[in-house]
Amino acid sequence: MLTLLHAPTSVCSQKVRVGLAMIGLDYESRLMNLAAGEQFEAAYLALNPDAVVPTLVDDGLVVVESSLILEHLDERHNAGRLMPKEPAERLQAKHWLLRCLQIHAAINTLSFATAYRLPILASKTPAEIDASVARFPDPVMGAKRRDLILNGTGSPYVGQALMYLRRMLDDLQAQLAGDWLGGQGAGIVDVALIAYVDRLDRLGLQGLWDAHPAIGPWLARWQAMPAYAAGIEAFTPPGSAAPMRAAGLDEHWPALRERWAAL
Ligand SMILES: N[C@@H](CCC(=O)N[C@@H](CS)C(=O)NCC(=O)O)C(=O)O
């Protein structure tokens, strides 16, 4: 039996839910409330010591790291059909899965430097912000979160995020020869990257791929897929998408546009 411990709008959870839907797997869903700090409870830390989602439990086997979860699901429940067979393509796919660590860090940075900091600033005192970030087992992760909440797009983490995202978009653009990175249909790299690019779109930052003409159509193809509806759209709180996109387009993208052009 597959059990997924996940959160509705977490990109890494979205990525795994899209993978589950692509393969056609049923799973027991255990939704966690990250804002309420459920990830810091002892029972969860025993599964995932970094206090992050998602975690998959597959017949008692605990799998963490969203890219590794996708690889595991494909190998064990899908005869490896999402992974390319040809050695060079396989290596490239595995490289993308490793790069997801940097890409996720960049997406997390831009999410908190823009839309996600606003409700936190509106609802918490500085002392409460300090206390909430002090709960992360990794103090660097806590320090980063604090910096992003307080400094927004002025945080030095934003420069690093833009660099990683430029590399991601350049390489996606270069490798998207057909409709999908996976060749005939969406493959493991398409599944691994969709939630990240979709988050940038939801943040109103689609100007990031103004000079990357293959990205918009790839995203639109995904957004029309049943697996996208099941893994991402179905978990989006009603009424939340339009204001977030509008705030990004009006405020956050203008704050980043010149820096992006100068890269
Ligand atoms: N590299 C990890 C990153 C996991 C991660 O950081 N997840 C975020 C949500 S996307 C999280 O749980 N954050 C905890 C928090 O914000 O308290 C993966 O891909 O699974």
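Domain bounds here come from an automatic or database domain assignment. With those bounds, the shell around the ligand draws at least three residues from each of domain 1 (2-77) and domain 2 (87-262). Before the details, the ground rules. This is a predicted model, in which local features need pLDDT of at least 70 and side-chain atom pairs count only at pLDDT 80 or more, while totals for chains, interfaces and linings use all residues. Residues are numbered from 1 along each chain as its sequence is written, and side-chain values use heavy atoms, with hydrogens and water left out.

I start with the ligand. A residue is near a molecule or strand if one of its heavy atoms lies within 4 Å of it. There are 14 residues around the ligand, and Gln39, Val53, Glu65, Ser66 and Arg145 come nearest. By type, the shell divides into eight nonpolar, four polar and two charged residues.

As for secondary structure, helices (H or I, at least four residues) and strands (E, at least two) are DSSP runs, numbered from the N terminus. Helices α1 (11-23) and α4 (87-113) each supply at least two residues of the shell.

Now the polar contacts. A polar contact is a pair of N or O atoms within 3.5 Å; within protein, one must be able to donate a hydrogen and the other to accept it, and residues adjacent in sequence count only if both atoms are side-chain atoms. A nitrogen atom of the ligand is 2.7 Å from an N or O atom in the side chain of Glu65. For Ser66, the distance from a side-chain N or O atom to an oxygen atom of the ligand is 2.6 Å. For Arg145, again from a side-chain N or O atom to a ligand oxygen, it is 3.1 Å. How much of the ligand does the protein bury? Taken alone, the ligand exposes 510 Å², and the protein buries 89% of that. Accessible areas come from the Shrake-Rupley method with a 1.4 Å probe; for residues, only the protein chains shown count as cover.

Glu65 has a positive phi of about 80° although it is not a glycine. Its place is in the loop between β4 (61-64) and α3 (66-77). At 41% relative accessibility, Glu65 counts as partly exposed; the classes are buried under 20% relative accessible area, exposed over 50%, and partly exposed in between (1.4 Å probe, protein chains only). Val53 is joined to Pro54 by a cis peptide bond, with omega about 5°. Pro54 lies in the loop between α2 and β3 (55-58).

Ala79 is another non-glycine residue with a positive phi, about 50°. Ala79 sits in the loop between α3 and α4, and at 58% relative accessibility it counts as exposed.

Next, salt bridges. Side chains of opposite charge can pair when their charged atoms come close. The rule used is a side-chain nitrogen of Lys or Arg within 4 Å of a carboxyl oxygen of Asp or Glu. How many salt bridges does this rule give? The count comes to nine.

One of them joins the side chains of Arg30 and Glu28, at 3.4 Å, N to O. Arg30 is partly exposed at 44%, and Glu28 is partly exposed at 31%.

Another joins Arg202 and Asp198, at 2.6 Å, N to O. These two are four residues apart in helix α9 (residues 188-202), so they are separated by about one helical turn. Both Arg202 and Asp198 are buried.

Arg202 also meets Glu233 in a salt bridge, at 2.8 Å, N to O. This pair links distant parts of the chain: Glu233 is in the loop between α11 (226-231) and α12 (241-262), Arg202 is in helix α9, and they are 31 residues apart. Glu233 is partly exposed at 39%, whereas Arg202 is buried at 8%. Salt bridges that share partners join Asp198, Arg202 and Glu233 into one network.

From Val16 to Ile120 the separation is 104 residues in sequence and 26 Å in space, C-alpha to C-alpha.

Conventions:
Nonpolar A, V, L, I, M, F, W, Y, C, P; charged D, E, K, R; others polar.
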